[in-house]
Amino acid sequence: MCGVIGFVGDEASPEFFYNGLKRLEYRGYDSAGIAMLSHGQMYIERAEGKLSALEKKLVHLPLKTSLGMGHTRWATHGKPSEANAHPHKSGNIVILHNGIIENYKEIKSFLQENGYVFESETDTEVAAHLLHYEFHKNTILLSPLENMKRSIFALVSRIRGAFAFGIICTDIPDVLFAVKYGSPLVLGLSDTAHYMASGIAALVEHTRSILIMEDREIAYLTAKNKEIVTFEGVPVSRKPIHVSWAASMLEKNGYDHFMLKEIHEQPQAIAQTINGRIDKSTGEIDLQSYGIHHIPLKNINRIQLIACGTSYYAGILARYFLESHTKIPVEVELASEYRYRTCTVNEHTLCIAISQSGETIDTLQAIRYARTHGAHTLAVVNAPGSSIAHHCHDESLIYAGPEVGVASTKAFVAQVTSLIILGLGIAQTQNIMTSTQIAAVCEQLVHIPYLVEKTLSLSSSIEKMAAKLIHLKSVLFIGRGPQYPVALEGALKLKELSYIHAEAYAAGELKHGPIALIDDEMYTVCLAPRDSYYEKTMSNIEEIRARGGKIISIGTTGDHELKQLSDEFIEVEPCAEMILPFLTTVPLHLLAYWIALKKGHDVDQPRNLAKSVTVE
Ligand code: AGP
């Protein structure tokens, strides 16, 4: 999704905007641009491709400015190109945009009939010219500032879709305008400047005082002041939050890639999610610390987990533990499909949005739908101050720290950890489990970081194994019980990083069709640790071998029988069954990382993908 950064204040260099956009690269993009106002003249440089292409053009920008913006574009309307890159200009007005203008075609025709000539294929250029059209309709001699305010109201009343706009007008050289509807936008506050960005990551090295804009809001920012109003012109007063993320957390800290760093941060991500929320000696779950302040857990008799992608798989995995601990039925729903069914929730339903970014539009729309139908809503998110959290009754942060790699890794294990803690909290509240029983589960929980840490030592052996697998064209993943969602997660990681086709199946489903795919070229990743499902999974492996299929297995240390059946064998420590999925996930993340790297792919920004999907 597009990255946006804006500045108004004492002074900012081209590098300020460039570095801010670097912090937003994880959002996914295919072109970029910067606009800087200097001595009444607007300077704009844009480039197709990665930021390195734009870097070569920074010399054409002024050395400093008191007002400017930067943008990384993830193409929606119009191919990646310099002409389609933002910012877009229309006379004295420059605009950049994250989102989609759904009715841009009808407005474009209107503007063309009024003499506007378009240079790009984008919907954003329509907004630029429409704003220009409104600004120059000024018939009652308003000041440029009042005229721009009026023009923005006219703009937002006419366009439909999702938009986070940054706007500069050369006639108003000390004001940065920010507009938010449907796409994320945050403001940074300091004594000498004000900032706007599509993500906190772009601002934490400049300020930790962050104000989250809400839908239907417009901000007028100057060096010293900020004013926020609604689309109806109603003044808004909101306290900023203090973000604890340090800029250093956004560095690679010695790792070659953010993804590898984040895989290795999984132990601490799990530990930080647990920290302060459980007492393993007493079995006490601290639900206040977890983030439950408004939801009456004692009344809940149904749970829906709503998410996309990896977060959806975290939900499928967590369901095993939630149902086991609470005895409450748990449904796991694809957010993008959720609204197409009749919503049957009520005041006894807890709908949980699972989202690393907290900005996934499908999940946001689904949880809002659930809330309007009377469900209690909880956001289990990683990024603080997110849109999804804003629309839920309660928010529980997973404290995994910034996840920059597009492929989600540490968030996955932290989300599952969080949901296990929630399940214990519900079991405590509803007296489903005794404190002794809860303490026993907590004892297992606190061991997970240590065992995950040990499993990370597999990285070098998996790197060697990956070199033998880069030629693969298609891979199956199978698992039973909690290992099934791990198989789903492993297949997604391989797909999204190595571009190798991969499919996951519940192992029991193999004989219902997919086994037809088995031949001597087909590799199957089999998750077969010594758990309650081991014998049956071993039968599946025998069936694959009998048809000449290749086996990459993940099993328990010392399992010589499994090793004999496998072309490649990865072993994890014997441990309690609840911990096993955490351990089998790690080698799958590492395998996808190493295969993709050996194929020469950009593992932090795989093609076509964005870290946070904020368009439907
Ligand atoms: C995971 O590796 C993918 N990047 C993607 O499936 C992601 O999990 C999905 O888009 C949901 O993102 P969220 O957790 O930020 O809502």
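Where is the place of Y499?

Reply: Y499 sits in the loop between α17 (483–498) and β24 (501–506). Those labels are DSSP runs numbered from the N terminus: helices are H or I with at least four residues, strands E with at least two.

A bit of background. Residues count from 1 along each chain as its sequence is written, and side-chain values use heavy atoms, with hydrogens and water left out. The model is predicted, so local features need pLDDT of at least 70 and side-chain atom pairs count only at pLDDT 80 or more, while totals for chains, interfaces and linings use all residues.

Now for the ligand. It's surrounded by 14 residues, and the closest are S311, S355, S357, T360 and E496 (near means a heavy atom within 4 Å). There are polar contacts too, meaning pairs of N or O atoms within 3.5 Å. The side chain of S357 puts an N or O atom 2.7 Å from a ligand oxygen. For K493, a polar side-chain atom is 2.9 Å from an oxygen of the ligand. T310 uses its backbone instead, with an N or O atom 3.1 Å from a ligand oxygen.

The peptide bond from H86 to P87 is cis, with omega near 0°.

Stepping back, the chain splits into domain 1 (3–250), domain 2 (260–455) and domain 3 (467–598); these bounds come from an automatic or database assignment. The centres of domain 1 and domain 3, taken over C-alpha atoms, are 46 Å apart.

In α7, Q266, P267, I270 and A271 meet I448, P449, V452 and E453 of α15, where contact means heavy atoms within 4.5 Å.

Terms used. A polar contact is a pair of N or O atoms within 3.5 Å; within protein, one must be able to donate a hydrogen and the other to accept it, and residues adjacent in sequence count only if both atoms are side-chain atoms.
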